[in-house]
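Reader: I would like to learn how to read a few side-chain features. Could you take me through them one by one?

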Amino acid sequence: MKKVGFSLSMLRPVRFVIVAIVCTVLFFSNAFPVAAAVGTKTSDPREATTQLLETQKRTDEASAKPPLSAEDQIEATKGGGLNEIQGTADIEKQKRPENSGNAETVEDEVKNLLDKVTGKR
């Protein structure tokens, strides 16, 4: 019985070292989160503000008028935008069929799953 007690007491310093290392890692990961952003490209805050203010101005103008008819709405979005207010703002960041490459649609994924479940595939 003394052997078990003796071997457990030998593990106390090891436990202390492990706890100290974990606490140190937690402290530094919370104290210096900006280290993760080192080397990333920062954007100009004035650029985004200008774009948002323009979108807000168009939204205010559109909400003051009666709703557009379907033909007017189609005409307003002819320039490739998403809607008559947003236009093409940040269109390069949005996922569309043109820039999605060979991404599968949800319908294709469900069809493939059902084929696998039923044994057709």
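Author: We will go through a salt bridge, an aromatic pair and a surface patch. Keep in mind that this is a predicted model.

Reader: How many salt bridges does the structure hold?

Author: Side chains of opposite charge can pair when their charged atoms come close. Here there is one salt bridge. E54 pairs with R58, and their closest N and O atoms are 3.7 Å apart.

Reader: Where do E54 and R58 lie?

Author: Both are in helix α2, residues 45-64. They sit four residues apart, about one turn of the helix.

Reader: Why does E54 count as partly exposed?

Author: Its relative accessibility is 36%, so E54 falls in that class. The class runs between the buried limit of 20% and the exposed limit of 50%. R58 is partly exposed too, because its relative accessible area is 35%.

Reader: Next, the rings. How many aromatic pairs are there?

Author: A pair of aromatic rings is described by the distance of the centres and the angle of the planes. The count here is one aromatic pair. F27 and F28 form it, edge-to-face, with 5.2 Å centre to centre and 75° between the planes.

Reader: Is F27 buried or exposed?

Author: F27 is exposed, because its relative accessibility is 53%. F28 has 43%, so F28 counts as partly exposed.

Reader: Last, the patch. Which residues make the nonpolar surface patch?

Author: L11, V14, I18, V22 and L26 make it, with an area of about 440 Å². Take I18, which lies in helix α1, residues 2-31. Its relative accessibility is 48%, so I18 counts as partly exposed.

Methods: Residues are numbered from 1 along each chain as its sequence is written. This is a predicted model: local features need pLDDT of at least 70, side-chain atom pairs count only at pLDDT 80 or more; totals for chains, interfaces and linings use all residues. Side-chain values use heavy atoms; hydrogens and water are left out. Patches are made of residues with over 30% relative accessible area and no salt bridge: like charges are joined within 9 Å, nonpolar side chains (Val, Leu, Ile, Met, Phe, Trp, Tyr) within 5 Å. Accessible areas come from the Shrake-Rupley method with a 1.4 Å probe; for residues, only the protein chains shown count as cover. A salt bridge is a side-chain nitrogen of Lys or Arg within 4 Å of a carboxyl oxygen of Asp or Glu. Helices (H or I, at least four residues) and strands (E, at least two) are DSSP runs, numbered from the N terminus. Buried means under 20% relative accessible area, exposed over 50%, partly exposed in between (1.4 Å probe, protein chains only). Rings of Phe, Tyr and Trp (its six-membered ring) pair if their centres lie within 6.5 Å; planes under 30 degrees apart count as stacked, over 60 as edge-to-face and the rest as tilted.
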